[in-house]
Each structure stands twice: as structure tokens, then as C-alpha cells.
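Colleague: I would like to go through the labels on this model one by one. Tell me what each rests on.

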Amino acid sequence: MRLTIFHKLFISLMLISSIMMIGMALLINNSFQNGFQSYLNQSEIERIENMAENISENINDYYSEDQGWRRLQQQPKLWRRLLRSIGEHPSRPKDVSKMTSRKTRTNYNQLEVRLHLLDVNGNTIIGDPKNFHRLHSNIQITKVAVTKDKQTIGWLSIQQREHIKGHLAERFLRQQLDNFYWIAAWAALFSFIVAALLVRHFLKPLKNLHSAAKSLSNGNFDYQIDVRGKDELAELSLAFNLLTTTLKSQKLSREQWLADISHELRTPIAVLLSEIEAIEDGLRKPEPKYIKSLHNQVIALTRLVDDLYSLSQSDTGVLIDKSHNVDITNIINNIANQNEVRLADKHIAIQRLYDHHQPMLLHADAKSLAQLIGNLLENSYRYTDQNGHIQINLQQTNDNILLTIEDSAPAVPDAALPKLFERLYRVDKSRSRANGGSGLGLSICENIVKRHNGHISAQHSELGGLKIAISLPIKDN
């Protein structure tokens with residue numbers, strides 16, 4: 001049988017309630033028995049203390065120095081009068097000293113049966129001495145002193161039970177327990193109903209999550225859960241709504257990504273196909289200029305495929321090793337030196353606003369940083385007009401290294417700045433394609449910076465072009 005969460009929670013609540021009810025029943029039963037018997041015993045002790053006080057106040061009627069307690073032994077009516085003074089109704093035995101020695105069965109619940117008068121040495125004056133030989137673990141003996149002129153001359157001894165026993169007391173206890181069991185039964189029924197309602201209420205968000213998950217698995221990314229409350233289940237529902245929104249965004253982004261990739265690949269392939277078909281049909285001869293055109297299209301395809309491969313690697317970060325100290329100053333110097341000649345051919349001057357000989361170390365991957373800086377200089381080379389210039393600045397703070405690369409005109413429109421790091425985004429698609437850009441360079445740069453726990457942003461440059469600002473932590477987080 002499959003146990004749902006409803007069944008598990010319901011059984012758990014009922015099991016806990018049952019254990020608590022049984023435990024309460026046992027504890028209340030034990031506490032009631034002990035408490036009730038203690039109350040009875042204390043009540044008897046108070047009566048015996050009153051009896052001892054009466055004897056002490058009229059000691060000459062019961063005790064003498066020369067004869068001791070003989071008068072009380074010889075006159076049973078005196079003892080019965082003392083018993084009546086504390087509310088007892090004693091029997092009339094012929095001999096008070098033997099009133100408990102009859103063969104007839106005695107009622108142990110009667111106080112006079114369990115009450116003894118002892119002399120100062122503990123010898124029995126009134127009462128059955130055999131009672132002291134019938135003691136067991138449930139019997140306790142309490143003594144109250146009888147005094148004369150503040151001197152103890154005897155004891156009133158009473159035998160009492162530690163636990164409740166007796167027909168009347170047991171009947172009272174049974175009646176109370178029956179009432180308790182009825183109360184417990186109604187409480188259990190109430191707990192049963194409340195547990196069912198509470199479990200159903202608590203599981204309602206989970207049922208909503210289940211319905212939402214099934215809807216999401218069927219491709220419905222617009223499904224949103226109606227969130228109520230501020231508990232953990234509400235937070236889980238909010239997280240699920242955020243998940244559906246994110247998945248929908250990623251789905252749209254993936255579809256757009258596939259469409260863009262298809263478009264980017266279709267253009268050079270279409271050019272290649274038309275050129276080759278023209279040569280095959282004899283419309284064109286395989287002259288060097290046509291072969292060069294084919295070669296350029298192959299180079300464009302190769303560059304696009306390489307950028308796609310680099311982007312996939314930067315997405316996963318599998319080739320980024322940040323366990324070594326890297327001198328970013330040296331890397332920038334090397335990349336700048338490698339690009340000086342081609343920048344000079346386009347009459348673009350490069351200006352370094354940092355100390356070339358001051359090393360700046362950070363935990364990073366040297367190959368990735370070289371690719372990052374190379375992509376940024378490549379981007380400036382392609383999209384900076386002739387007779388322009390590029391500035392590279394490098395600064396170090398306590399925790400970060402700040403790198404900025406900015407170039408001169410043309411500028412980037414305000415609306416385009418937030419989109420520059422999107423994949424395959426171009427400000428001017430025709431111009432970008434003519435310059436050989438794939439639209440993936442800045443996306444790769446963003447991935448590399450994020451893999452180093454840094455931050456990258458695009459801003460307008462005071463030189464009239466674009467400014468890329470990068471912050472990299474010196475130590476790996």
C-alpha cells in the first residue's frame with residue numbers, strides 16, 4: 001500500500017496524540033492514587049494528633065506514674081471515648097487489648113484496627129501486636145508522641161498504606177478513571193478531526209506544487225502558484241514561481257540563441273554555396289579573387305565556430321584554474337605588444353596609463369585573462385575608427401584590481417549598453433559582420449570575469465567610444 005504524505009503526517013499526529021494520551025493516563029493514574037492516598041493518610045494523622053493532644057490534656061484520666069497505662073487498659077470505654085472524639089465509631093469488644101485478635105475477619109480500613117497505643121519503650125498497650133508482624137512494602141507506620149509535662153510517655157502508632165486500597169477508595173478511583181477515559185476518548189476523536197483538517201490544510205500548497213510541476217513538465221511555463229502566507233511552503237512556492245519565470249526566460253533565450261546561430265551560419269554558407277555553384281556552372285572561372293572570397297568566408301565560419309567553442313568553455317569553466325598567482329600587468333603588456341602593429345596599421349594609438357614595471361598579482365587563470373584582454377582589444381580594433389586611440393588603465397585596491405579599456409569614436413547608443421554582453425548582439429549588424437565580428441566576444445569576456453568572481457560593465461567613454469570596466473578580486477573567494 002502506497003503511503004502518501006497525508007497518510008504519513010496524519011498517522012504521525014495520531015501516534016503522537018495517542019502516546020501523549022496514554023502517557024498522561026498513566027501519569028495521572030499514578031499521581032492520583034499516590035495523591036489521594038497521601039491525602040487520606042495525612043487526614044488520619046491529623047486526627048491522631050488531635051487524639052494525642054486530648055490524652056495529654058487529660059493525662060491523669062488515662063495514665064499514672066506508678067501504674068502506667070493500666071487504667072486505660074482496664075476501662076475500654078475510655079479508649080472508645082477517645083476514638084469517638086476523632087469521629088470514629090468503635091466496636092465493643094470485651095477486652096480492648098484483644099479487640100483485634102478475634103478470629104472474625106477485621107476491616108483494615110477502620111482506623112481503630114490499625115491504631116495502637118505504645119508505651120515509651122514501644123511495647124503495645126492497646127492494639128494487636130501481631131499487626132506489626134504482618135507488615136509489607138505497602139504499609140508504613142506513623143507515630144505521634146503522647147506527652148506529660150513535655151516528656152514523652154507513650155506513642156500513638158497507626159499503620160497506613162502507601163498506595164490506595166480499599167473498596168470505597170478503589171470505587172472512587174475507578175469512577176474518576178472512567179471519567180478520564182471518556183474525556184480521553186472525546187479528546188482523541190477531536191484530535192482525529194483536527195489532525196485531518198490541519199494535515200489537509202498544510203498539504204494544500206504541496207498539492208498546488210504538484211499541479212504546477214505537472215503543468216511545467218507539459219511545457220506550460222506561464223503557470224504561477226497563488227502564494228498565501230509567509231511560511232516555508234510559501235517560500236517554496238515563491239521559489240517555484242521564480243523557477244518557472246527563469247525557465248521561460250531561458251527557453252526564449254535558447255530559442256533566440258538557436259535562431260541567431262542558424263542565421264549567423266546560414267550567411268557564410270549561402271555565400272560559399274553560391275560562389276561554388278557559380279564556378280561549377282561555368283559562370284565564373286576559378287580566378288584568385290573568387291578563391292580569396294571563398295577563403296574569407298571559410299575564415300569567417302572558422303572564427304564563428306572558434307568563438308562558439310570558447311563560449312561553451314567559458315560557460316562551463318572547466319579550463320579555468322585559479323590556484324596560481326598571476327601577474328596581470330605582464331599579461332596586459334604582452335597582449336598590448338602583440339596588437340601594437342595591427343593597431344598602428346589602422347592608425348590607432350594605444351596609451352598605457354599604468355606602471356609597466358609594477359607587478360599586480362591575483363589568483364586567476366593566466367590563459368583566460370589573456371583571452372579576456374585579447375577579446376577587449378580585438379573589439380576596440382574592429383569598432384574604432386581610423387586615427388583613433390585606446391587607453392588602458394590598471395589600478396589596485398586592498399581587495400580588487402580595477403582594469404579599464406576605453407576607445408574613441410564611434411560611440412554606442414544608450415539603449416545598446418545593457419545588451420552588449422548578450423550573445424550574438426550587435427549594435428550595427430551589417431557593419432559588425434563586415435568587420436568580422438561574431439557578436440560573442442563580450443559574452444566570452446563576461447563569462448571569464450564571472451568565473452573569477454569579478455564584475456564587468458560597459459559605459460560611455462570620455463574619448464567618444466566605449467569604456468569597459470572590470471573589477472577582479474585579488475584573492476579567490
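Modeller: Start with a definition. The bend at a residue is the angle between two fitted axes, one for the seven residues ending there and one for the seven starting there. In this predicted model, helix α8 bends by about 40° at Asn-339.

Colleague: How do you know that the span of α8 agrees with its number of residues?

Modeller: The expected span is 1.5 Å times one less than the number of residues. Helix α8 covers residues 328–345, which is 18 residues, so it should span 26 Å. Its end C-alpha atoms are 26 Å apart, and therefore the two agree.

Colleague: Which residues of α8 are buried?

Modeller: Among them are Ile-328, Thr-329, Ile-331 and Ile-332. Asn-339, where the helix bends, is also one of the buried residues.

Colleague: Why is Arg-114 called buried?

Modeller: Buried means under 20% relative accessible area. Arg-114 has 5%, so it counts as buried. The residue belongs to helix α4, residues 111–114. Its side chain makes a polar contact of 2.6 Å with the side chain of Glu-44. The Arg-114 side chain also reaches the backbone oxygen of Gln-159, at 2.8 Å.

Colleague: And why is Ile-276 called partly exposed?

Modeller: Ile-276 has 38%, so the label is partly exposed. This residue is in helix α6, residues 232–280. Ile-291 is 15 residues from Ile-276 in sequence, and their C-alpha atoms are 9.4 Å apart.

Colleague: How many aromatic pairs does a search of the whole structure find?

Modeller: One. Tyr-63 and Trp-69 form a tilted pair, with 4.9 Å between centres and 55° between planes. Centres must lie within 6.5 Å, and planes under 30 degrees apart would be stacked, over 60 edge-to-face, so 55° leaves tilted. Tyr-63 and Trp-69 are both buried.

Colleague: What makes Arg-342 a charge over the ring of Tyr-381?

Modeller: The distance cut-off is 6 Å from the ring centre, with a limit of 35 degrees from the ring normal. The charged end of Arg-342 is 4.0 Å from the centre of the Tyr-381 ring. Lys-346 also lies over the face of Tyr-381, 5.1 Å from the ring centre.

Conventions: Residues are numbered from 1 along each chain as its sequence is written. This is a predicted model: local features need pLDDT of at least 70, side-chain atom pairs count only at pLDDT 80 or more; totals for chains, interfaces and linings use all residues. Side-chain values use heavy atoms; hydrogens and water are left out. Rings of Phe, Tyr and Trp (its six-membered ring) pair if their centres lie within 6.5 Å; planes under 30 degrees apart count as stacked, over 60 as edge-to-face and the rest as tilted. Buried means under 20% relative accessible area, exposed over 50%, partly exposed in between (1.4 Å probe, protein chains only). Helices (H or I, at least four residues) and strands (E, at least two) are DSSP runs, numbered from the N terminus. A polar contact is a pair of N or O atoms within 3.5 Å; within protein, one must be able to donate a hydrogen and the other to accept it, and residues adjacent in sequence count only if both atoms are side-chain atoms.
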